[in-house]
Amino acid sequence: MGMKILIDNGHGENTAGKRSPDGSLREYLYAREIAQEVERQLRLKGYDVERIVRENIDVKLEVRSGRVNEICNECGAANVLLVSIHCNAAGMGEWMSARGWCAYTSPGKTKADELAECLYEAARIHLEDYAKTFTDEDRKNKQVPIRTDYSDGDADLEARFWMLRKTKCPAVLTENLFQDNNDDVDYLLSTAGRMTIARIHVDGIIRYINKLQDEKH
Ligand SMILES: [Zn+2]
């Protein structure tokens, strides 16, 4: 049986906040656009993909994890993966200096760490142009294009987020740059930026599936 790829897009049009200070980027909308593009590209390549939130309104976390787990029960959790797409924020509605891409898994060593590693590999390749937009000011502020936490031996960050904890399949949450950093928002909204963010997910997910297949043979 092939892998079932589930894409979760965070928040809804009725979620408070979750936008750039100038209102040009709304996280719920951006995450949906990226999720749709990731789904489209993976489908074209023949993968089995489903977006678990098709509504524009905010769907409660327990409903979203419930949808994921229903599919896990049907297909077997080992045959399912989940990626939840978000944009980061450092403040409460003001422009901030924090920048960069990262991904989260739940604490402890699981299959999700392998999925996250594949997404990091893809991010390192595809964010090269984004890295060139970093200024001396960014470096002075200790900002890096790809944010990591190697304290547990791998690149990803760890957090007890609901969608990572309450889902039965390997699950990773990506924070695709900062919606409250002016330069990140410019990049996110550019054609190249949108293509790149989608490509990280498509490429990272395919790397993971190929790795699983290699392990079986
Ligand atoms: Zn979010």
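Helices, in this tour, are DSSP runs of type H or I with at least four residues, numbered from the N terminus. The structure on display is a predicted model.

**Helix H1**

Select residues 27–44, which form helix H1. Its 18 residues reach 26 Å from the first C-alpha to the last, close to the 26 Å expected at 1.5 Å a residue. Just after H1, Gly46 adopts a positive phi of about 95°.

Next, display the side chains on the buried side of H1: Glu27, Tyr28, Tyr30, Ala31, Arg32, Ile34, Ala35, Val38, Glu39, Gln41 and Leu42. The elements covering these buried residues include strand E1 (4–9), strand E2 (48–51), E3, H7 and H8.

**Leu189 in helix H7**

Move to helix H7, residues 182–189, and pick Leu189. Leu189 counts as partly exposed because its relative accessible area of 28% falls between the 20% limit for buried and the 50% limit for exposed. Setting aside neighbours within four places in sequence, select the contacts of Leu189: Ser24, Leu25, Tyr30 and Arg194. Tyr30 is also among the buried residues of H1. For a distance across the fold, pick the C-alpha atoms of Leu189 and Asn88; they lie 14 Å from each other, although 101 residues separate the two along the chain.

**Helix H3**

Now select residues 111–126, helix H3. The end C-alpha atoms of H3 are 23 Å apart, which agrees with the 22 Å that its 16 residues should span at 1.5 Å a residue. At the start of H3, zoom in on Thr110, where a side-chain oxygen comes to within 3.1 Å of the backbone nitrogen of Ala112.

Ala112 itself is buried, as are Asp113, Leu115, Ala116, Cys118, Leu119, Tyr120, Ala122, Ala123 and His126 of the helix. To see what these buried residues pack against, show strands E3 (80–88), E4 (101–105), E5 (157–158) and E6 (171–178), together with helices H4 (128–131) and H8 (191–216).

**The largest pocket**

Finish at the largest pocket, which holds about 270 Å³ of space. Of its 19 lining residues, select His11, Lys18, His86, Phe161 and Leu173, the closest to the centre. Helix H2 (61–75), E3, helix H6 (162–165) and E6 each give two or more residues to the lining. E3 supplies the largest share, 3 residues. Colouring the lining by class gives 8 nonpolar, 5 polar and 6 charged residues.

Key: Residues are numbered from 1 along each chain as its sequence is written. This is a predicted model: local features need pLDDT of at least 70, side-chain atom pairs count only at pLDDT 80 or more; totals for chains, interfaces and linings use all residues. Side-chain values use heavy atoms; hydrogens and water are left out. The expected span of a helix is 1.5 Å times one less than its number of residues. Buried means under 20% relative accessible area, exposed over 50%, partly exposed in between (1.4 Å probe, protein chains only). Contact means heavy atoms within 4.5 Å. A polar contact is a pair of N or O atoms within 3.5 Å; within protein, one must be able to donate a hydrogen and the other to accept it, and residues adjacent in sequence count only if both atoms are side-chain atoms. On a 1 Å grid over the protein atoms alone, a cavity is a set of points where a 1.4 Å probe fits but cannot get out, and a pocket is an open set with protein on both sides within 12 Å along at least five of seven lines; lining residues have an atom within 4 Å of a point. Grid points are joined across faces, edges and corners, and a volume is the space filled by probe spheres set on the points. Ala, Val, Leu, Ile, Met, Phe, Trp, Tyr, Cys and Pro count as nonpolar, Asp, Glu, Lys and Arg as charged, and the others, Gly among them, as polar.
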